[in-house]
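Q: Could we go through this model together? I'd like to start with the aromatic rings and then move on to helix packing.

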Amino acid sequence: MFGYVKPESRELKVKEYELYKSAYCGLCRVMGKRYSYLYKMSLSYDFVFMVLLRLYAMPENVSFSQKRCIAHPLKKKTMMNCNSALETASDVGVIMLYHDFVDKIKDKDGIKSFVCRLTMPELRRLRKKACKDEIIKEFDAFVENKLCELSDIEKENTKSIDMAAENFGSILAEALSIGFEGDIKRTTYEIGRNIGKWIYIIDALDDIDSDEKNQNYNPFIAVFGSAEEAKKHGDMIKTALLNTLSASDRALAILNNTDAGVSNILTNIIRLGNVDTVEKILKNNKFAITEA
């Protein structure tokens with residue numbers, strides 16, 4: 001359910017795109033050093049958004065260095081050096097990945113479930129290590145509780161898109177606002193809540209055909225009765241998704257920060273990258289959309 005939150009790189013300035021890539025590479029390096037090289041392979045764009053949002057909400061001194069990595073051994077890459085935003089994203093990512101794999105094991109896709117089972121002993125070890133931090137331990141318990149609630153929603157074949165989306169939104173809200181207080185926590189929580197809802201809905205749209213084939217819960221099938229019927233409501237679904245992104249955009253504007261570079265990247269992700277993802281997923285899955 002991850003990997004959807006990314007920028008429209010062609011619309012970023014060169015220095016902004018370089019900053020984005022340096023955060024991606026820096027997070028990859030921190031994940032490997034704090035946990036394991038296996039964990040690095042799970043890196044997704046969503047957690048780079050988290051890093052940049054945390055740096056924007058609570059600025060700190062950031063430095064960079066030129067280093068080689070396994071993926072690019074012949075050429076040095078610009079990497080953001082370790083900082084609290086990278087560390088927190090790395091810790092939160094362990095918990096999210098662990099619970100994501102627990103969910104995948106329940107999936108009716110035998111191959112996917114089998115691969116996840118092979119990886120679980122290592123993920124349990126990484127989860128235990130992350131939970132040595134009391135804040136992360138509390139977050140882990142929160143995620144586990146919310147996913148149990150989500151599981152009940154799915155088992156009951158609940159005919160509501162909002163109920164399941166809000167549940168997942170609360171998880172990402174907590175992830176993005178973890179460790180913050182006051183207005184900053186409230187604002188980052190709201191950004192995370194809406195982005196989380198958007199991710200859940202986008203993922204459901206992207207999986208609608210496979211969910212119907214495998215008889216997995218999908219809120220759109222529950223509400224409309226079938227994937228075919230749900231696809232007739234593409235315009236309505238698109239409007240709801242864009243409204244969710246607009247709510248995140250409005251919350252981002254509340255944060256009082258003058259770092260235009262990071263602001264432009266975050267705005268680009270919400271207004272352009274995520275909007276483009278909406279268009280592509282609706283089109284690729286053959287939802288009926290009125291051409292503008």
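Q: Are F168 and Y200 buried or exposed?
A: F168 is buried, and Y200 is buried too, where buried means under 20% relative accessible area, exposed over 50% and partly exposed in between, with a 1.4 Å probe and protein chains only. Please keep in mind that this is a predicted model, in which local features need pLDDT of at least 70, side-chain atom pairs count only at pLDDT 80 or more, and totals for chains, interfaces and linings use all residues. Residues are numbered from 1 along each chain as its sequence is written, and side-chain values use heavy atoms, with hydrogens and water left out.

Q: Fine, and how many aromatic pairs are there?
A: The count comes to 2 aromatic pairs, under the rule that rings of Phe, Tyr and Trp (its six-membered ring) pair if their centres lie within 6.5 Å, with planes under 30 degrees apart counted as stacked, over 60 as edge-to-face and the rest as tilted. Y24 and Y45 form a tilted pair, at 5.9 Å centre to centre and 40° between the planes.

Q: Where do Y24 and Y45 sit in the chain?
A: Y24 belongs to helix α1 (residues 14-34) and Y45 to helix α3, 21 residues apart, so the pair links distant parts of the chain. Helices here are DSSP runs (H or I, at least four residues), numbered from the N terminus. Y24 is partly exposed at a relative accessible area of 29%, and Y45 is partly exposed at 34%.

Q: And why is the pair of F168 and Y200 called tilted?
A: The ring centres of F168 and Y200 are 6.2 Å apart and their planes lie at 40°, so the pair is tilted. F168 is in helix α7 and Y200 in helix α8 (residues 182-206), 32 residues apart.

Q: Switching to packing, how do the axes of α3 and α7 cross?
A: The axes of α3 (residues 45-57) and α7 (residues 161-177) come within 9 Å and cross at roughly 50°; axes are lines fitted to C-alpha atoms, for helices over the stretch in contact, and angles run from 0 to 180 degrees between N-to-C directions. The two helices are therefore oblique to each other, given that angles under 35 degrees count as roughly parallel, over 145 as roughly antiparallel, 65 to 115 as roughly perpendicular and the rest as oblique.

Q: Which residues make the contact?
A: On α3 they are F49, M50, L53 and R54, and on α7 they are A175, L176 and S177, with contact meaning heavy atoms within 4.5 Å.
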